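Please consider the following briefing alongside the sequence and the coordinates.

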Amino acid sequence: MTDASAGQTERQLIRLAAEGDARAIRMLYERYAPRVYAVVRRIAADDDLAQDYTQEAWIRAIRALPTFRGDARFSTWLHRIAVNAALQSLRKADTRSKREEDEAADVPIDPWNTDSLLQKRLEQALDTLPEGMREVLILHDVEGYTHDEIGDVLGVTSGTSKSQLFKARAKMRALLSGVAGTAGEQGAEAWSI
Amino acid sequence: MEHLTIETLARLVDEPARPEETKHLALCEACASELAALRAQTESLAALPEIMPPLGDWRVLEAKLRSEGLVRDLGLFQKLGLARTPSWMPAAAAVVLFLGGTGFGAAITNRGAPAGPQSTAPLAALSVEGAANAVREAEQEYVSAVSRYREVMEEQGGGDVTTDPVTRYAALEHLVSVSQAAVRQAPGDPFLNGFLASALAERDAAARQVSANRDNWF
């Protein structure tokens with residue numbers, strides 16, 4: 001027996017999903033859900049909001065599937081939609097007060113894994129960054145966007161993006177080392193867990 | 001000696017240092033150490049893993065997609081890609097399945113009974129994913145049968161065949177049986193339920209055709 005599902009290329013999957021095929025949509029979802037959720041979760045800095053924004057991102061992506069021409073990789077195209085959906089949803093919602101009231105969200109990790117402990121510290125520090133800094137830091141240092149790309153997404157100049165990035169890195173450094181100090185007060189050893 | 005600011009050091013993570021900054025870093029252990037820490041932080045951020053969405057995320061999304069009309073439920077034969085095939089093809093595929101020794105004969109004479117232990121016993125011990133796979137395999141088995149028969153017909157120069165609703169009914173009965181077993185394993189799965197509903201509708205249509213033919217005989 002031939003395995004028709006396994007043999008389907010991504011292009012075929014996308015075509016079927018664009019036609020509304022439930023199974024094709026589900027296969028695309030299962031393939032890319034962790035990547036989409038990760039970037040949306042980090043931008044939203046809140047589990048509940050992340051769920052809502054992720055749903056919105058997928059709905060936008062599925063709706064826009066017929067317009068996908070394959071000029072870029074599908075993962076890149078989907079990622080950009082997810083980032084835009086998260087940013088726009090964040091702008092619409094009055095989330096600032098909610099995050100100020102809430103404790104920093106607790107991203108589930110493996111407590112016996114030192115990499116996971118580091119990950120937890122990073123995720124919690126990201127959650128507490130001011131919104132503008134967090135967005136630039138996530139897009140540049142986590143997702144690998146260039147300053148020009150960040151400028152396009154956020155509607156700012158690349159100079160502003162750079163400036164925000166350096167502030168964000170400094171703020172993260174302060175959060176992770178436990179003090180809002182300047183250079184010289186903390187050494188590289190403070191980075192270690 | 002005045003230290004470099006933390007934002008300057010943050011810039012030096014991925015931008016070249018000016019001559020005076022290079023000179024300072026060569027002499028100041030604290031600033032060099034801080035820059036190393038910032039670089040380590042940046043590398044760790046780049047290595048952050050993907051995050052699994054919460055359980056149930058797909059169910060919520062699927063419901064929303066359906067409410068937006070972005071998911072189209074297809075009939076069994078559309079799912080199998082048979083909508084544009086000649087009318088004799090589904091029945092022909094059923095013949096191939098029937099003759100393939102997959103044990104459908106009993107279904108013809110005993111409509112209410114399951115298709116046999118071969119199809120139900122293994123499913124009882126399957127996980128939800130296993131049950132879903134069982135249905136997919138049944139679907140693929142059918143498509144494979146169509147393909148094989150198409151090849152045979154093309155080798156023989158094509159042409160039409162007489163539709164046999166009895167054998168078609170037998171094949172569909174098997175699909176229904178497998179689908180029912182899968183739905184028992186995963187009662188909430190919308191795809192499995194949709195597939196079962198489609199298979200039931202096709203089987204009942206075939207049953208009506210069998211009944212009509214018998215009436216004509218007598």
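Helices (H or I, at least four residues) and strands (E, at least two) are DSSP runs, numbered from the N terminus. On that basis, the elements of chain B run α-α-α-α-α-α-α-α-α-α-α from the N terminus on. This is a predicted model, in which local features need pLDDT of at least 70, side-chain atom pairs count only at pLDDT 80 or more, and totals for chains, interfaces and linings use all residues. Residues are numbered from 1 along each chain as its sequence is written, while chains are lettered from A and ligands numbered from 1 in the order in which they are written.

**Confidence**

- The predictor assigns the complex a pTM of 0.61 and an ipTM of 0.81.
- Chain B has a mean pLDDT (the predictor's confidence in each residue, from 0 to 100) of 69, with 51% of its residues at 70 or more.
- Residues 83–126 of chain B stay under 50 in pLDDT, and the model has 72 contacts beyond four places in sequence for them; two residues are in contact if their C-beta atoms, placed from the backbone, lie within 7 Å.
- Residues 158–163 of chain B also have a pLDDT below 50, and this stretch has seven contacts beyond near neighbours in sequence.

**Composition of chain B**

- Chain B contains 11 helices and zero strands.
- Of the 218 residues in chain B, 31% are buried, that is, 20 or more other C-beta atoms lie within 10 Å of their own, with C-beta atoms placed from the backbone.
- Among contacts in chain B with a separation of 6 or more, 73% join residues 24 or more positions apart.

**Helix packing in chain A**

- Helix H4 (residues 47–64) of chain A and helix H5 (residues 74–92) of chain A cross at roughly 130 degrees, their axes coming within 8 Å; axes are lines fitted to C-alpha atoms, for helices over the stretch in contact, and angles run from 0 to 180 degrees between N-to-C directions.
- That angle makes H4(A) oblique to H5(A), since angles under 35 degrees count as roughly parallel, over 145 as roughly antiparallel, 65 to 115 as roughly perpendicular and the rest as oblique.
- Residues making this contact include A:Tyr53 and A:Arg60 of H4(A) and A:Leu78 and A:Ile81 of H5(A).
- Helix H8 (residues 131–142) of chain A packs against H10(A) at about 95 degrees, with the axes 8 Å apart, and the two are therefore roughly perpendicular to each other.
- Buried residues of H10(A) include A:Leu165, A:Phe166 and A:Met172.

Conventions:
Buried ≥ 20, exposed ≤ 12 C-beta atoms within 10 Å, placed from the backbone.
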